[in-house]
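Take a look at the model below. We will walk through its charged pairs, then its helices.

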Amino acid sequence: MPGGVELSNLDKVFWPDEGITKGDLIAYYRSVAPAILPHLRDRPMTVIRYPNGLKGGSFYQKQTPDYAPAWVRAIELPAESGRGKRKRVRYTLCNDRRTLVWLANQASIELHPWLSRVDRIERPEYLVLDVDPPGERFDLAVRTAVLTREVLTELGLNGCAKTSGAKGMHVYVPLRRSHSYPEVAWAARRVADLVAEREPDLVTTEFRKKDRGERVFLDFTRIGPGKHIAAPYSARARPGAPVSFPVPWDKLERAQPTDFTIRTVPRMLESGDPWKEVCPRAQTLPKDLTAPAQEG
């Protein structure tokens, strides 16, 4: 029972094409704990569980189960969706390696934390844009991420990028905890609109798939209480067992999502945490991005 967690079904195959098992997933999260825990600690979290691996069913889980060990920390918050009978949710807080291993043993392949921490739950630490290309066109996701960086630079902001672990990219702008969720959400919408205006044949903010055509969807809607996004170093439930991984801007065009998997990432992290190298310091949003312009 390593670390107080009773492990089970370690030989169950989660990624059939690669022969990667539940035990491999647990070993991965145990290995990368020093890098991933800073992105999870004190953040309410949604997990996506695959009890029978990729070929079986999956479900999102926000509520900490009643059978969770007493040492698993949780925080109770209002149910933001307003749907269903549950009015409040006890979100798990993954603050240590033992909880991380317990979550992996629960078949939690994907770990999706909030953008804020519990001590200032109303103040997000990041503005995030999800770059979602059509099909498997990762090259278009890279072009859009680079274009987003150009727009951010013109606005006086510095961002960093990571592979989503799926088919796209995530662009992060680290923020001082001085802005509310509505302020950051509005700023994200404005940045996305500016990027789409710059190259309308490449980028769209149209939410309906049928209206996007073959353009990249720049999703600005991931910001708000209860919303979440895959953490850096989270595994993803896709073929190849990919991992969401930070990439420097000058290496982005040579990167592929398949470069970063639960088999390759632990060795990549032996020399240090690349997030610390690519992620700029926290910033304050410029005034013209914090509220809608007032009409005279």
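Glu206, Arg208, Lys210 and Asp211 are joined in a network of salt bridges. This is a predicted model. Arginine 208 is partly exposed, at 48% relative accessibility. Glutamate 206 is partly exposed too, with a relative accessible area of 24%.

The whole structure holds 19 salt bridges. One of them pairs arginine 88 with glutamate 76, at 2.9 Å from N to O. Arginine 88 sits in strand β6 and glutamate 76 in strand β5, so this pair ties together parts that are twelve residues apart in sequence.

Now turn to helix α5, residues 181-198. Here arginine 189 and aspartate 193 form a salt bridge (3.2 Å, N to O). The two are four residues apart in the helix, so about one helical turn separates them. An α-helix has 3.6 residues a turn, so residues three or four places apart point the same way. Aspartate 193 is buried, with a relative accessible area of 19%. Arginine 189 is partly exposed, at 38%.

What covers the buried residues of α5? The cover includes β8, α4, β11 and β12. Among those buried residues are Tyr181, Val184 and Leu194.

Helix α4 has 17 residues. From first C-alpha to last, α4 reaches 25 Å, close to the 24 Å expected at 1.5 Å a residue. Its buried residues include Phe138, Leu140 and Val151. The buried residues of α4 pack against β8, β9, β10, α5, β11 and β12. Just after α4, glycine 156 takes a positive phi of about 85°.

Methods
Residues are numbered from 1 along each chain as its sequence is written. This is a predicted model: local features need pLDDT of at least 70, side-chain atom pairs count only at pLDDT 80 or more; totals for chains, interfaces and linings use all residues. Side-chain values use heavy atoms; hydrogens and water are left out. The expected span of a helix is 1.5 Å times one less than its number of residues. Buried means under 20% relative accessible area, exposed over 50%, partly exposed in between (1.4 Å probe, protein chains only). Contact means heavy atoms within 4.5 Å. A salt bridge is a side-chain nitrogen of Lys or Arg within 4 Å of a carboxyl oxygen of Asp or Glu.
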